[in-house]
Structure formats: structure tokens, C-alpha cells
Amino acid sequence: MNVEKQEILTRLRSQISAAQGFKPAPISAGKGFGLDEIEACFPNGVFPTGTIHEFLAEQPEDAAASEGFIAGLLAKLMENGSSCLWISRNRKLFPPSLEAFGVDSQQIIFLDLYYTKDILWVMEEALKCEGLACAIAEIPDIDFAQSRRLQLATEKSHVTGILLRKEPKRSRSATACTARWQIKPQPTEILNGIPGVGNPRWEVNLLKVKNGEGGKFYIEWAEDKFAQFENPNTKAQQPIQIVERGLIA
């Protein structure tokens, strides 16, 4: 492909993104979210704020991993002191645990509702409030029309919206969200051969990106920021040593 055609394609992608409401807000002048290769999957190589992100969590452990990864995103979204609204039906999150990701839990308003229609209504109203940095809703399923209403709301306010879909029944249904994520937990690194609790690690699957490309990545939270680590499946298998134990008289 020659340079002229490449420039035309780049310009067309930018025009399509603008028509679909993709207007990434500047984040700390070039620092981004520290997601490296993941951010390169998005248009213009910028993590899209002011839009809707969808996280699929089919298992309880995936939900816990998703909450940790989202907390890392909140550390960047809320760094200017803005607040966040977290809406759920049966919240399992322990607010003080967010401090491990640099998030002040006192800046988050937790709201527990039972009916799905109430959660969606509050989410839409929250996305209209320009004073919020982010609005998060825990909900199993959402149809295209409902997600479109949320997307239209965030396009006007530029408030970032996150849908955490725990145990969805229709996980692959079409939505108007800009990105669809699936986060899975990974074992932490063993230091000096001694098992223990290390930095949180995740397998990050970017399943869908509007006007972008998806992929699989391995990310950990280390020293108050995201960092990539080597795919554990590509490491050479370590030989297993068998030690015979005798009886000591």
C-alpha cells in the first residue's frame, strides 16, 4: 500500500471515529494509561475516555480480576480529584482494597440497587453529570438499544462509562460499546522460589474495539502502574526434580 492510500485510510478512520462519537480526552500529556501495546489497539493509539467500555466476567474469579483491572484504570481517570459512581445489585467489592491501586475509596459513591431498570436509569443520569470522572454499573446483560442510550449520554458529557457484566447470559450480544474486554486472573510471580502473594496479574483479552484491533495481553500492577510481563505459556518448561526422602532414625 502506497503512502497516499495509507493517508486516505487514516483520514477516513478519523472521520468515522468522530461520526461515531469517539473523542478521546487528553490524559496527562502523552503519558496515557501506561498500557503500552494495548493502547496501540485503539484509534490514534489513545485509550478512549468519554465513551462506554464493557467488561465480561463469566466466572466469579473473572469478576474479581476485572474489578482489579478497572481499579487501575480509575487511578488514572480520577487523578484530577473527580469522583466516581459505582452502581451494583449485590456488591462484593471491598472499598479499602482500592487503595492498593492508588484509588481513594472516599472519592467513590457506592449505590446498591436491585432492579435492572433502576441501575440503567441511574447509570444514564450519572453519565450526564460532567462532574464525574467515571460511572460504573454492574449488570449481567444489556441490549443494543440500552447500550446506545448510554453511549449517547457519554458522548455529550465525556464521562467515561464502564459496564461490568457479571455472569452474563448473552455475553456475545451486540452492543454500542467502544470496547469489549475480558479479564482473567493469572498466577503471581514466585520470588526466590518461595510461593506468596505478589503483584496482581491478568490475562487481558480485548475482544472488540470500534475502529481498532483486539488482542491478548499479559498485564500486572507493579509500583503503582500497569506493566507488561512475559506470556507464561511461552516460557520454557522447567525440569521437574524428584527428591527421594529417606527415613531418619
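A residue is called buried when its relative accessible area is under 20%. In this predicted model, Cys41 has a relative accessible area of 12% and is therefore buried. Cys84 is also buried, at 0%.

A disulfide is a covalent bond between the sulfur atoms of two cysteines. A search of the whole structure finds 0 disulfides. For Cys84, the nearest cysteine sulfur belongs to Cys134 and lies 4.5 Å away. A disulfide requires sulfur atoms within 2.5 Å, so Cys84 is in no disulfide.

Side chains of opposite charge can pair when their charged atoms come close. The count of salt bridges comes to 14. One of them joins Arg180 and Glu54, with an N to O distance of 3.1 Å. Arg180 belongs to strand 6 (residues 179-186) and Glu54 to strand 1 (residues 52-57), so this pair ties together parts that are 126 residues apart in sequence. Arg180 is buried, at 7% relative accessibility, and Glu54 is buried, at 0%. Arg180 and Glu54 also belong to a network of salt bridges that includes Asp141 and Arg165.

A salt bridge between Arg201 and Glu189 has an N to O distance of 3.4 Å. Arg201 lies in strand 7 (residues 201-209) and Glu189 in the loop between strand 6 and strand 7, 12 residues apart. Arg201 is buried, with a relative accessible area of 11%, whereas Glu189 is partly exposed, at 45%.

Glu125 and Lys128 likewise form a salt bridge, at 3.4 Å from N to O. Glu125 is partly exposed, with a relative accessible area of 34%, and Lys128 is partly exposed, at 47%.

Key: Residues numbered from 1 in each chain as written. Predicted model: local features only at pLDDT ≥ 70, side-chain atom pairs only at ≥ 80, totals over all residues. Heavy atoms only, no water. Buried < 20%, exposed > 50% of the residue type's maximum accessible area, 1.4 Å probe, protein only. Salt bridge = Lys/Arg side-chain N within 4 Å of Asp/Glu carboxyl O. Helix = DSSP H or I, 4+ residues; strand = E, 2+ residues; numbered from the N terminus.
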